[in-house]
2 protein chains.
Amino acid sequence: MDMAVNVAILGFGTVGSGVAEVLAKNHTHIDEKVHAPIRLKYILDVRDFPDSPFGDKIVHDFSVIENDPEVDIVVETIGGAKIAREFTERALKAGKSVVTSNKELVATWGYDLLSLAKEHGVSYLFEASVGGGIPIIRPLSRCLAANEIEEICGILNGTTNYILTRMIKAGLSFEAALAEAQQNGYAEKDPTADIEGDDACRKICILGALAFGRHIYPDQVPTEGITRVTLADVAYADACGRKIKLLGRAIRQADGRVCAYVAPHLISSEDPLGGVEDVFNAITVRGDAVGDVMFYGRGAGKMPTASAVVADVMDAARHIKSMKYVAWGPGGDDVVAPTDGLESAWYVRASADADAVRAAFGDVNFLARAGAPAKETAFLTGPMTRSQVESKLAGLEKLSLFRVLD
Amino acid sequence: MDMAVNVAILGFGTVGSGVAEVLAKNHTHIDEKVHAPIRLKYILDVRDFPDSPFGDKIVHDFSVIENDPEVDIVVETIGGAKIAREFTERALKAGKSVVTSNKELVATWGYDLLSLAKEHGVSYLFEASVGGGIPIIRPLSRCLAANEIEEICGILNGTTNYILTRMIKAGLSFEAALAEAQQNGYAEKDPTADIEGDDACRKICILGALAFGRHIYPDQVPTEGITRVTLADVAYADACGRKIKLLGRAIRQADGRVCAYVAPHLISSEDPLGGVEDVFNAITVRGDAVGDVMFYGRGAGKMPTASAVVADVMDAARHIKSMKYVAWGPGGDDVVAPTDGLESAWYVRASADADAVRAAFGDVNFLARAGAPAKETAFLTGPMTRSQVESKLAGLEKLSLFRVLD
């Protein structure tokens with residue numbers, strides 16, 4: 001056994017307390033695998049936790065951690081991009097490796113923080129920031145390293161997948177499914193970041209940066225959530241053997257740029273992603289040599305996320321004072337290609353009669369559902385760009401427009 | 001850039017030539033990621049390949065590679081456990097890291113070879129030995145390291161999954177589906193190792209050893225292939241919303257031992273494993289913190305397997321002369337628990353009437369299929385061990401008996 005490795009956790013919320021629990025519960029085999037005892041020394045929180053078994057670790061002042069040379073690894077589970085960023089920078093500058101589950105911080109400041117970590121010869125690791133406990137960051141950066149990655153496509157948000165699953169399986173409206181998700185603790189009181197797609201957007205930024213080597217900023221990624229998905233759309237999708245799923249995609253273009261976006265899609269029920277239900281996440285990676293591989297599991301939750309954080313802690317512990325090299329280049333206008341050029345089939349629901357649709361689109365695949373109001377028409381187009389489909393729709397009253405993934 | 005890393009490939013067959021191609025095709029980004037140029041120096045084969053772009057690398061004498069101090073990494077894609085074992089041992093003793101896709105060798109001699117690698121301070125890596133290009137070895141040993149693994153369950157053989165898929169979807173008999181698989185190059189001329197389950201057995205041995213920390217030998221793992229699966233069984237499975245899949249399982253028992261076996265199972269079509277078709281593989285890992293995660297992709301094939309080998313080569317190149325630590329303890333009689341104690345529901349097809357079945361089993365779930373001969377009865381039992389179900393079947397003429405995975 002080597003010398004003890006000391007860990008400080010920032011933020012004793014859901015994930016932070018899960019990290020403390022996993023470290024305590026599995027410490028025998030964790031220490032054995034790392035060949036050193038991992039010791040939880042501090043937990044930073046504004047609150048006290050007198051009844052917690054970890055209550056004696058609580059400190060309120062970050063500088064205690066920052067200035068303690070015994071602390072090797074800082075676990076940041078505060079969330080957000082303000083105080084979390086400040087503490088992460090100070091920890092890295094103090095020569096401590098930082099492990100995080102904070103997708104907002106990595107998606108916004110990842111390049112800067114990775115550069116700062118490199119400068120100080122320490123690690124900045126974030127397996128838990130995407131897909132909860134699903135291993136994806138390390139497989140993407142290591143196991144698939146021999147591949148040129150062509151595309152990443154994933155169901156990246158468990159809350160929206162739960163809502164869509166309940167709409168599809170139980171016939172609940174969006175509002176009712178959201179209320180149920182909130183009751184079950186799958187959606188927050190303010191669900192905006194989930195249902196508007198911002199959470200999925202941050203995750204596809206991180207995956208895209210890892211796969212394609214340049215930082216991708218959330219504001220470069222067109223993002224559409226699921227608030228405009230209706231039960232009518234769910235029924236039409238079912239009529240053509242498809243399901244509606246919120247996908248984050250990052251696709252390498254021939255010119256080397258990356259086309260990245262988040263939007264609802266119709267996908268075949270036979271597609272491996274089509275079978276991903278409830279709060280589960282799944283991420284498909286297409287490499288030039290390996291073809292499609294998929295990673296599947298619970299994308300959130302206290303213990304799954306904590307287990308990913310602790311795996312990173314173990315990795316950092318094995319590489320104390322020598323950086324675990326994960327990095328990408330700076331962002332910029334040359335990184336991201338507009339999604340407008342991306343061709344696909346489209347699902348359209350419009351208030352128009354079939355003749356008007358035929359006049360605008362030519363031959364299309366019409367869809368039917370029980371109880372459709374007069375003049376509602378739904379159909380699948382052939383492959384075309386968004387501007388092409390929008391221009392054909394110019395004279396029609398559009399109700400829904402989603403891409404079809406084939 | 002660091003100094004060049006020199007690689008020798010043993011065996012210029014399907015996987016070996018794929019490795020040479022991936023190294024050549026993606027060398028720019030491979031070198032960049034490793035921070036050193038990876039150079040293919042030798043290919044060992046008994047044949048010459050005058051028309052191959054790699055023809056000038058061919059050597060016929062292993063000692064050329066063994067005695068060249070410039071060779072850092074040896075890629076073993078010979079297969080089998082004889083000459084491959086000898087060359088692997090000699091390479092490790094010569095201080096070279098070895099990367100392999102050879103599941104037979106790892107399943108049989110893994111503990112000895114890992115110990116030898118450790119003794120000589122080099123790496124022995126085998127990501128490609130299970131699941132082709134699907135990342136599983138590294139995720140299991142690293143990303144899920146914070147978990148106590150409870151169970152591994154997988155569709156580990158693409159050939160048998162293809163045959164079963166064709167039986168289920170196209171109604172082909174086992175023999176016809178096998179012939180088709182051979183025509184398509186998915187099954188070998190002598191398909192024994194695939195259809196009798198030996199290939200899946202080797203893979204579950206490797207996964208079990210990694211997850212539970214002790215070597216598991218193939219002859220400790222009861223193995224049943226798919227040769228006794230009939231179209232009648234496929235039809236009955238369909239009647240209860242299930243599919244027949246060949247699964248390899250390794251399950252941690254309360255006493256710390258591992259229950260490992262390979263056999264056909266009925267699994268729900270809704271189960272993520274139930275949707276895995278054709279030559280695809282999928283491996284589910286259950287950890288105490290993360291819950292179920294699944295890894296999915298092409299489990300075989302030249303380029304997927306080669307991409308996994310090259311990822312290991314890159315990892316070994318980053319750790320030249322310092323072992324990449326993957327290891328497990330020795331095997332023994334105390335490692336493996338008999339499968340007899342494992343309870344499950346069972347699918348039974350028998351030549352018996354319903355009354356005789358009821359007399360033996362009490363209340364069961366009878367299944368129906370079109371065109372069943374008189375006196376054929378099929379049913380699902382409640383949970384019981386194999387000896388329990390066998391003893392109840394004593395007076396009945398058993399036709400098929402498979403576990404049900406719930």
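How many salt bridges does the rule find across the interface of chain A and chain B? The rule finds six. The views below come from a predicted model.

**View 1. Chain A meets chain B.** In this interface, 43 residues of chain A are in contact with 43 residues of chain B. Together the two chains bury about 3,600 Å². Carbon and sulfur atoms carry 55% of that area. The interface also holds 20 residue pairs in polar contact, both residues at pLDDT 80 or more. On the side of chain A that touches chain B, the elements giving two or more residues are α1 (14–25), α2 (27–34), α6 (137–143), β11 (291–298) and α12 (302–318). The largest share of that side comes from α12(A), with eight residues.

**View 2. A salt bridge links E270(A) and K169(B).** The side chains of these two residues meet, N to O, at 3.3 Å. One partner belongs to chain A and the other to chain B.

**View 3. Helix α10 of chain A is largely enclosed.** The helix runs over residues 198–212 and has 15 residues. From first C-alpha to last, α10(A) reaches 21 Å, close to the 21 Å expected at 1.5 Å a residue. Of its 15 residues, 13 are buried, so the rest of the structure largely encloses α10(A). Just after the helix comes G213(A), with a positive phi of about 90 degrees.

View 4. A search of the whole structure finds zero disulfides over all chains. C205(A) is in no disulfide, and its nearest cysteine sulfur, in C201(A), is 4.3 Å away. A disulfide needs the two sulfur atoms within 2.5 Å. C205(A) is buried, at a relative accessible area of 1%. In chain B, the sulfur of C240(B) has its closest cysteine sulfur in C153(B), 17 Å away, which is too far for a bond. C240(B) also counts as buried, at 18% relative accessibility, because the cut-off for buried is under 20%.

**View 5. K375 takes a positive phi in chain A.** K375(A) is not a glycine, yet its phi is positive, about 75 degrees. The residue lies in the loop between β13 (365–367) and β14 (376–380) of chain A. K375(A) counts as exposed, at 53% relative accessibility.

**View 6. K375 takes a positive phi in chain B.** K375(B) has a positive phi of about 75 degrees, although it is not a glycine. The loop between β13 (365–367) and β14 (376–380) of chain B holds this residue. K375(B) is exposed, with a relative accessible area of 52%.

Conventions:
Residues are numbered from 1 along each chain as its sequence is written. Chains are lettered from A and ligands numbered from 1 in the order in which they are written. This is a predicted model: local features need pLDDT of at least 70, side-chain atom pairs count only at pLDDT 80 or more; totals for chains, interfaces and linings use all residues. Side-chain values use heavy atoms; hydrogens and water are left out. Helices (H or I, at least four residues) and strands (E, at least two) are DSSP runs, numbered from the N terminus. The expected span of a helix is 1.5 Å times one less than its number of residues. Buried means under 20% relative accessible area, exposed over 50%, partly exposed in between (1.4 Å probe, protein chains only). Contact means heavy atoms within 4.5 Å. Buried area is the accessible area (1.4 Å probe) that two parts lose on being put together, summed over both. A salt bridge is a side-chain nitrogen of Lys or Arg within 4 Å of a carboxyl oxygen of Asp or Glu. A polar contact is a pair of N or O atoms within 3.5 Å; within protein, one must be able to donate a hydrogen and the other to accept it, and residues adjacent in sequence count only if both atoms are side-chain atoms.
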